[in-house]
Amino acid sequence: MPPVQSRETNGTNPNVTPNGCPFTGSTSTAPRRAQILTDHLRNKHLTDTLHLKATNVAPCSSGKCMGSVVRQREPFPPGYKRPKEEVLEQAKEFIDDYYASMKKENSAEHERRWIDIQAQVEEKGLYDLEYDELLYGAKMAWRNASRCIGRYQWNNLQVIDYRNVKTAQEMFDAACDHIRYATKDGQMKTAISIFPMRTDGKHDYKFWNKYLFQYAGYQQPDGSVIGDPANVELTEVCQSLGWKGKGTPYDFLPAIVSANGEDPVIFEWPEDVPLELELRHPKHDWFEELAIKVNCVPLQGDMLFDVGGMQFPACPITGWFQSTEPVRDLLDENRYNMAEIIAKKLGYDTSRYNSLWKDAAFLEVHIAVIHSFQMKGVMTQDPYTLTESFMKHMEREHRVRGGCPSDWVWIVPPSCSSLTPVFHQEMLNYHLRPALEYQEAGWKIHTWKTPPTAPIFTQYIRTKKRCSFKAAAMAVMFASGLMRKTLNKRVKSTILFASQTGKAETFSNSLCDLYKHAFDAKVVCMDEYDMAQLDKEQLVVIVTSTFGNGDPPDNGETFARALMQMKNKNGEANPRDSPLSSVRFAVFALGSRAYPHFCAFGHSVDTLLEQLGARRVHAVGEGDELCGQEESFRAWAESAFKSACLSYDVGHGVDMNEATANLLGSDLSWAPDKFRIIQAKTHTDTDILQGLSTVHRKNVVPSTFISRTQLQAPDSSRQTILVRLDTKDNEELEFTPGDHLGVFPANEDHLVQAILDRIEGGTKPDDVLEIEALHKKLTAAVVTKTWMPFERLPPCSLRTALSRYLDITTPPSPQLLGSLSMHTSAPSERAELEELAKGGTKYENWKFERAPTLPEVLQEYPSLQVPPALLLSQLPVLQQRYYSISSSPHMYPGEIHATLAVVSYRSQGGKGPVHNGVCSSWFNRIDEGETVPCFVRAAKNFHLPADPSMPVLMVGPGTGIAPLRSFWQQRQMEIKSGNGQGGNHGDMTLVFGCRQSQIDHIYKDETAQAKTDGALTDIYTAYSREPDTPKTYVQHVLYNQLSERVKELLKNNGHIYVCGDVAMADDVCTTVQKILEEKSAMTSAESEALIRMLKDSNRYHEDIFGVTLNTKEVREAARSVEPAESNAN
Ligand SMILES: Cc1cc2nc3c(=O)[nH]c(=O)nc-3n(C[C@H](O)[C@H](O)[C@H](O)COP(=O)(O)OP(=O)(O)OC[C@H]3O[C@@H](n4cnc5c(N)ncnc54)[C@H](O)[C@@H]3O)c2cc1C
Ligand SMILES: Cc1cc2nc3c(=O)[nH]c(=O)nc-3n(C[C@H](O)[C@H](O)[C@H](O)COP(=O)(O)O)c2cc1C
């Protein structure tokens, strides 16, 4: 039959693009050409001419390919009635093909039938297909279905004629019979049931379910879904029609059936109809624990059969599953999303994609699916078998028919792709009639006679024009209820955090649990955030701490910079532009009032977001580490959440008490039945470097302890030590003077032992353990309660965990005390611990008076017996300590030096027990040869000037001298080797501070030598406790002796370096400002602006260690703790 271009009218898509497909070059009007299709695996070729008969090549155009778009053809509009001319045209085409297929074209019978059809169409616009025509048409529709890989069976299709049914009940009964027939003995016959045809488009017979067997998806208030998330909308439709599911993850949805255009009726499936199985794996018995169910019957419910100009909107079709389909139902992220659960059960590291855990999960579930179907005797086909059959079919079709319309995107299986032949086969996709077409879901197009009395998706409610007042009122009511509900679903909230030691991250996770009650919430670290998304956000909640001297934490730096750039760019373009005008936000800032710039970074983000046009939904919150940080967070979180809900008009049904009850007591908080320890498969502890690398997500490498030297006089009450580490041959530990060394120390043995002595049960301290958590979070697991590996720590013994991975000296948080209280046998002790666990003033006083370590808490509450699982799951992780590297790599190649104050003090105003700093005391006791796990962190803002001729002023009292030593050593070496721009070095002035010249003037000889070598130009020392001399601090030296030099240095593009505790750094900064005001006649605003400029342009450098706890303000803020032996200047 010649190609008939005039038959291009297509009721389905009036917008045929004239430009045609970019790949075939075909257009709806241009002449089409034969197309060669190559099989790249076997280098064979097929020639497709069948596409010359295709109805059109839409929807591609010369500019775009729609190959991967699911709905390439627009569904027929509601109430569609095909015009008579089109009916006749398509009927003619069909009937000619039909008679040709029987080799009876142009026979008398053919002629008669065509006259009969014309008469019927003339009279009613319709005609009745005879059964054989229907059978032929249905087979051809399947044969033409370009996305179906199983159609090599097209000629075996069973067609069941139900065109005489009248009611929804009859339709449903017919569907049940169809399924019983098609699934008998698990053979899975391919069959199609055909119900009455469309007449005027207003009296359709229709199944509303896309697939007739689908599991319900119940949306929970926190946004999670029990069951299949793909079916949330349909589930809500069913519920609105009165259906009540059981609420389990595997409830079959009822069928929704509408007959003759009537309102739909729902039907529960009789027990003998659906076919499902419980998933089992041939090797992994634990699959049984997951209690996964799989539907065995693919039953497409909502296709429309378009044949010879007539349309059949109800034509359910059964077939059999390709084995990858149930796997996708279980693993796809928008379905049951079980890939991670399975991969973890298989022992994969799911924190890295390159462990290929997703592939492993897919493979094992695939094996389980094939195994379970086989055990149940139900037919399924693996992708290899199926694609081989399809390839043969394709070749045959080209031989006998001139082509085989195929959609590569759908034909290639979701796994094993390139291992199957179809992957390598070029395919041509086009549309032929008869066809099975997509339709709009029933609830989106149905015209209601009586709208349901429960909410349904109102935007879809179409009432008859003359509907009753009651019906209209009902629709309005649905609209308001549902509008809220849909909004509720849609509003996205991104919680962005930046954190140095982990608190802001913990707070953010807790906040996310809260926001999930009303928003679609997720948590992202600022460092990992795609800034291009910011202006597309709806609600952004920021939780961040402040570090350095008012700076962002490391993982907030990029975000801060990007935000600044955005502001500057915006300022240049149009200051009144508001790139973030559609964003709403709230900020919670963590910090410590011990620092002069309290919560500074949080505040600056808050201001920047506002300046960029974002709308603040709640005032910035502040959490002071010294006083009630968690309490402040809880209060802020609750009120900010309410403001956000109000702002978006969501969260109406949320029980605030319930939603906020668990703030900071997240899903991972302690409950005795939630965690358990198990013996690890291995008998040896995980290598400590590997373990630390995993826990801290950074590359932790070894260095070797060489020696320590006491730097203070032997009769000093304090100790400062020079530590030397061997870093030879370790590229990871290369550094530039000014960089930091991060160190992972160990806790003191006697503290570890004190805890081990109080362990509940018979856990041996040196047995290698793993911890598991009862997983409830993900939809399917809510019900199955699976024990999953809790990968906080690597497999190790309790002793190793307490010694190397967990923080046992920081005073326990209220949450931890609450968890401990559950394990006291004495009621009075329990009551006390519960009281402290409430946080608040009592807790704060207790914490600051005693600064109790965990062993001290155990001592204070003797009836406490601690479950090991509690320790392993709840104790905070022991954090790295940073040290400013104190040596030059040129003077000491293959070594790193640190200058350390050994922390040791008595709590309770000097009357309590001695507390030793974890890391400094560890360095003060380890032996030569011991491995020191560490890493180098670049301090980009604390490097020597690129141009060594620039004058340099360095201020570093006490251990603040540490990085300055690396600077003068570097210069000594440059001078010695004649490097450094021909020895043209600018002045290098050192201002050091300590208590007494004879006690703690560290590096006195070394600095003198550096001066002799010409590296240091001048050395100034401030003594704060020198007998018979006034108290002098570094800032006094600056002001009294170096004012002129400071002024000149800044004038000559010089650099100032300040290192040590934050209070000193602030005093120095204020002094420099004062000098500028006095010597350069600046106002305080001008001097402040100049300092800001110097910091921004990297000429005023600060290296801040933290707070020194013996300053008056901090002591007062901290209320009670009096250092027994202070350790700073
Ligand atoms: C960027 C950077 C660079 C640093 N460089 C150096 C350096 O070069 N040299 C150096 O010595 N340190 C340096 N530090 C500090 C160092 O990281 C550690 O904080 C310090 O060594 C203490 O660690 P620790 O494990 O010994 O004590 P921890 O176990 O951490 O104990 C310290 C904690 O104990 C408490 N505490 C301490 N003293 C008292 C007291 N008198 N009264 C009451 N409570 C008290 C405080 O809560 C304090 O935070 C640097 C810090 C940073 C952030
Ligand atoms: C070296 C150092 C510098 C700090 N600088 C500041 C500061 O400038 N301003 C402030 O408010 N807090 C400062 N802090 C306190 C932290 O912000 C506070 O400990 C916060 O609770 C840490 O939260 P995180 O665990 O999320 O990082 C500093 C803390 C350290 C150790």
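Ground rules first. This is a predicted model, where local features need pLDDT of at least 70, side-chain atom pairs count only at pLDDT 80 or more, and totals for chains, interfaces and linings use all residues. Residues are numbered from 1 along each chain as its sequence is written, chains are lettered from A and ligands numbered from 1 in the order written, and side-chain values use heavy atoms, with hydrogens and water left out.

Now the ligand. 23 residues surround ligand 1, counted when a heavy atom lies within 4 Å. The closest are Tyr882, Tyr883, Thr899, Cys919 and Ser920.

Polar contacts next, meaning pairs of N or O atoms within 3.5 Å. A polar side-chain atom of Ser920 sits 2.5 Å from a ligand 1 oxygen. Val918 places a backbone N or O atom 2.8 Å from an oxygen of ligand 1. At Ser884, a polar backbone atom is 3.2 Å from a ligand 1 nitrogen.

How much of ligand 1 does the protein cover? 76% of the 970 Å² of accessible area that the ligand has on its own, by Shrake-Rupley with a 1.4 Å probe.

Which element gives the most to the shell? Strand E34, with 4 residues. Strands here are DSSP runs of at least two residues, numbered from the N terminus.

E34 also belongs to an open antiparallel sheet of 6 strands, ordered E34-E30-E38-E28-E29-E35. Pairing takes at least two DSSP bridges. E34 and E35 are the edges, each pairing on one side only.

Inside that sheet, 6 bridges join antiparallel E28 and E29. Phe705 stands opposite Leu725 of E29.

How values were computed
Polar contact = N/O pair within 3.5 Å; in protein donor to acceptor, adjacent residues only side chain to side chain.
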